[in-house]
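Open the model in your viewer and keep the selection panel at hand. The tour goes from one selection to the next and says what is there.

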Amino acid sequence: MNILFMGPPGAGKGTQAAVIVKEFGIPHISTGDAFRLAIKQGTPIGLQAKSYMDQGLLVPDDVTIGIVEERLQQPDCQQGFLLDGFPRTLSQAEALEGILARHNTSLHHVINLNVDRSLLMARLTGRRICTVCGASYHLIFNPPAQPGICDLDGGALYQRPDDNEESVGKRLDEYDNKTAPLLHFYENKGLLRQVNGEDEIESVSAEIVSLLRG
Ligand code: AP5
Ligand code: ZN
């Protein structure tokens, strides 16, 4: 099954992706995670991406499309995948259509997580992430059992450098200007499904699973 998660920054795409890839046994492809790994490894793509990400701006399309094209060619993607955070522009969406067509496949489900803008700032500035496994927590909405420590593996939690008020504001503007218009693109293809991302994390997961099993 080829799945795409859409939704503004902080809508819960990463949180839900962790549940859904386990449930369906498919790889999670997050361009944000791929860039953060490249930054950690100090690769040329990482160096290029960092300045955009820190400012809350989108990384240029050519860099981003290249990463996804390479990833989708890996053998573990042949039985399906979950895309999170890509595409984010019309050119990326068109490039994705071409890549999938060359592999004789297409997207099967596009899930949009709806969350009111007023909640997104609080979700992102309170987010904390495990340095070991990448699990996402929230200081108030989804706290770990022990402050600052991952429930799953005892890893220390950290705050993403772009989860400050200024960068989040820019990310939300980038979403409104460049990514939200894509919802029409997928609606016109009859693929778009809406999910209320403001419910409890477990209820959102259950709704997505039921849509996908539909
Ligand atoms: P990326 O890493 O993709 O970040 P994002 O889209 O800004 O999304 P987030 O990871 O911030 O949010 P999320 O929806 O995954 O929320 P989460 O589940 O963590 O991109 C980062 C940057 O990389 C971009 O700004 C850009 O520079 C670059 N980039 C990436 N892809 C690109 C592309 N295609 N083109 C160009 N540039 C690209 O949840 C958020 C918080 O809320 C957590 O604390 C969580 O615990 C909490 N939470 C989740 N669900 C709930 C719930 N139901 N109730 C209460 N709290 C909840
Ligand atoms: Zn962890």
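Two strands count as paired if DSSP finds at least two bridges between them. The model you are looking at is predicted.

**Stop 1: strand 3 and its partners**

Select strand 3 and strand 1 (residues 2-6). Four bridges join the two, and they run parallel. Within this pair, asparagine 2 stands opposite phenylalanine 81 of strand 3.

Show the side chains of strand 3. In a regular strand, side chains alternate between the two faces of the sheet. Phe81 and Leu83 point one way, Leu82 and Asp84 point the other way, and all are buried.

**Stop 2: the annotated binding site**

Select Thr31, Arg36, Leu57, Leu58, Val59, Gly85, Phe86, Pro87, Arg88, Gln92, Arg160 and Arg171; an unreviewed UniProt entry annotates these as "binding site". They do not all gather at one spot, because they span 141 residues in sequence and their farthest two C-alpha atoms are 24.6 Å apart.

Center on threonine 31, which is found in helix 2 (residues 31-41). Is threonine 31 buried or exposed? A residue is buried if 20 or more other C-beta atoms lie within 10 Å of its own; threonine 31 has 23, so it is buried. Leaving out residues up to four places away in sequence, threonine 31 touches Thr64, Ile67, Val68, Gly85 and Phe86.

Move to arginine 88, in the loop between strand 3 (81-84) and helix 5 (90-102). Arginine 88 is buried too, with 21 other C-beta atoms within 10 Å. Its contacts, apart from neighbours within four places in sequence, are Leu58, Lys178 and Thr179.

**Stop 3: ligand 1**

Select ligand 1 and the residues around it. Which residues come nearest to ligand 1? Of the 36 around it, they are Pro9, Gly12, Gly14, Gly32 and Gly85. Helix 1 (13-24), helix 2, helix 3 (44-55), helix 6 (117-125), strand 6 (136-138) and helix 9 (201-213) are the elements that give two or more residues to this shell. Colored by class, the shell shows 15 nonpolar, 16 polar and five charged residues. Ligand 1 lies between domain 1 (2-116 + 191-213) and domain 2 (127-162), because both give residues to its shell.

**Stop 4: residues 127-162**

Select residues 127-162, where an unreviewed UniProt entry places the feature "domain: Adenylate kinase active site lid". This stretch is 0% helix and 25% strand, and its end C-alpha atoms are 11 Å apart.

Next, find the open sheet of three strands, with the order 6-5-7 and antiparallel pairing. Strand 6 and strand 7 (157-158) are the edge strands, each pairing on one side only. Strand 5 (residues 127-130) is joined to strand 7 by two bridges, and cysteine 130 stands opposite leucine 157 there.

**Stop 5**

Color domain 1 (2-116 + 191-213) and domain 2 (127-162) as the domain assignment gives them. Their C-alpha centres lie 21 Å apart. Eight residues from domain 1 and six residues from domain 2 take part in the contact. On the domain 1 side, helix 1 and helix 3 are the elements that give two or more residues. The largest share of that side, three residues, comes from helix 1. By class, the domain 1 side has three nonpolar, three polar and two charged residues.

Technical notes:
Residues are numbered from 1 along each chain as its sequence is written. Chains are lettered from A and ligands numbered from 1 in the order in which they are written. This is a predicted model: local features need pLDDT of at least 70, side-chain atom pairs count only at pLDDT 80 or more; totals for chains, interfaces and linings use all residues. UniProt positions are given in the numbering used here, feature names are shortened, and annotations may be inferred rather than shown by experiment. A residue is buried if 20 or more other C-beta atoms lie within 10 Å of its own, exposed if 12 or fewer, and partly exposed in between; C-beta atoms are placed from the backbone. Two residues are in contact if their C-beta atoms, placed from the backbone, lie within 7 Å. A residue is near a molecule or strand if its C-beta atom, placed from the backbone, lies within 6 Å of it. Ala, Val, Leu, Ile, Met, Phe, Trp, Tyr, Cys and Pro count as nonpolar, Asp, Glu, Lys and Arg as charged, and the others, Gly among them, as polar. Domain bounds come from an automatic or database domain assignment.
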